[in-house]
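Please take a walk through the structure shown below. Keep the 3D view open as you read.

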Amino acid sequence: MVEIAFPYLRLDGDAVAAGPWLATLDGEPCVIDNHQIEHFDYSASLRMERDVSVDFARAADEIGIAADSLQLLCIVTQGTGNQRIPRGQQIVARQLLDAEHPSANLEIAVHGHDVSRSLHLATELVLFSAGSTIGRLSPKHRGARLWKDSIRISVDPGGMRFPMETVSFAEAFSEGHRDALWFLDWSPQHLDQEFTSSVRLYLNEDRPEFVEAVQNGGDIVLRMLICSVAGQMIRSAITLDHFPPDPAIGTPGSTGSVVEAWIKQAFPGQSVGSVRTLAENDPARFDLSIGSLFKGELDAE
């Protein structure tokens, strides 16, 4: 774990009391058990609520700012997806706190169709105003992060599963293809369709040693296979005029959104155009970046 050394004093856990997130699904209470909501309905509306309070006397002592001049902004950021970096991150709640108003009741409404696999919620306290009395190591600039906690709530207990099955290639394909190890059945023209229903990876059951290696070979074998599949899909998608999908009409969990998330994870900060150029001019480094995907996050189904 990498620790970040901030150039100013920050709040420790004693100055902040943050309650658990409580949830209702279509108005009915639901339990968040082990960071997971079971039987989640993507057509339902989820409402999340928590309380956060700050002991301003203790906080002022910890960061060297007078309690009567200290103001903090409490912010909640929401994201979704099963990647390490959530997609669609946005600030969904904010409330100003000071010594006279030290508590925040944070409420957010989440539409089920905006959630893919898991919901990421980050609660932060940032400096809004320090007044004129500050110490040498006290935070001085508005927006300085002083405290944070985050949670990822899974709505799909199986995680992101890749649809996979075995068939006899000798029966399914012509003579020239019966010795192939795998075949990916999908269409880059149907990026708007649900990934798990429009993409399927077929393993050749006539090569039982390969099928056994995939089923029993552990994360390394599976990851090599899925990275090859992801590379094929990314190469196809980045050549399309209609990729990436329009955020206004794209839906979480669609094939287009999954491929776009892979691109953002493998090529952070790069445009689709630059990824396309890399694939054309330096395919070795393109494949190297694809090889950084998943790291055990993807399971076979």
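This is a predicted model: local features need pLDDT of at least 70, side-chain atom pairs count only at pLDDT 80 or more; totals for chains, interfaces and linings use all residues.

The largest nonpolar core has 41 residues. Within this core, Leu11, Leu46, Met48 and Leu121 touch the most other members. Strand S2 (22–25), strand S4 (45–54), H1, S5, strand S6 (87–97), strand S7 (103–111), strand S8 (118–129) and strand S9 (145–154) each supply at least two of its residues. Now zoom in on Leu11. Leaving aside residues up to four places away in sequence, Leu11 touches Val16, Ala59, Glu62, Ile63, Leu72, Leu125, Leu146 and Trp147.

Next, look at a loop. Ser69 sits between helix H1 (56–63) and strand S5 (71–80). Is Ser69 buried or exposed? Its relative accessibility is 19%, so Ser69 counts as buried, because the cut-off for buried is under 20%. What does Ser69 touch, beyond residues up to four places away in sequence? The contacts are Ser129, Ala130 and Gly131.

Move on to a sheet. Three strands form an open sheet in the order S11-S13-S12, with mixed pairing. Strand S11 (164–167) and strand S12 (182–185) stand at the edges. Each has a single partner strand, so one side of each is left without a neighbour in the sheet. From one strand to the next, the twist averages 30°. Strands of a sheet pair through backbone hydrogen bonds, in either a parallel or an antiparallel sense. S12 and strand S13 (residues 200–204) pair in the antiparallel sense, over four bridges. Asp185 stands opposite Arg200 in S13. A helix joins the picture here. Helix H4 (residues 208–216) packs on the sheet and touches S11, S12 and S13. The direction of H4 makes about 130° with that of S13.

Now turn to charge. Side chains of opposite charge can pair when their charged atoms come close. How many salt bridges does the model have? The count comes to eight. Three of them are described here.

Take Glu107 and Arg47. Their side chains meet in a salt bridge, at 3.8 Å from N to O. Glu107 lies in strand S7 and Arg47 in strand S4, so the pair ties together parts that are 60 residues apart in sequence. Glu107 is partly exposed, with a relative accessible area of 41%. Arg47 also counts as partly exposed, at 42% relative accessibility.

Strand S4 holds Arg50 as well. Arg50 forms a salt bridge with Asp149, and the closest N and O atoms are 3.0 Å apart. Asp149 is in strand S9, so this pair links distant parts of the chain, 99 residues apart. Asp149 is partly exposed, at 26%.

The last pair joins two helices. Asp287 and Arg235 meet through their side chains in a salt bridge, at 2.8 Å from N to O. Asp287 lies in helix H8 (residues 283–290) and Arg235 in helix H5 (residues 218–237), so the pair ties together parts that are 52 residues apart in sequence. Asp287 is partly exposed, with a relative accessible area of 41%. Arg235 counts as partly exposed too, at 31% relative accessibility.

Definitions and conventions
Residues are numbered from 1 along each chain as its sequence is written. Side-chain values use heavy atoms; hydrogens and water are left out. Buried means under 20% relative accessible area, exposed over 50%, partly exposed in between (1.4 Å probe, protein chains only). Contact means heavy atoms within 4.5 Å. Two strands pair if DSSP finds at least two bridges between them. Axes are lines fitted to C-alpha atoms, for helices over the stretch in contact, and angles run from 0 to 180 degrees between N-to-C directions. A nonpolar core is a set of buried Ala, Val, Leu, Ile, Met, Phe, Trp, Tyr and Cys residues joined through side-chain atoms within 4.5 Å. A salt bridge is a side-chain nitrogen of Lys or Arg within 4 Å of a carboxyl oxygen of Asp or Glu.
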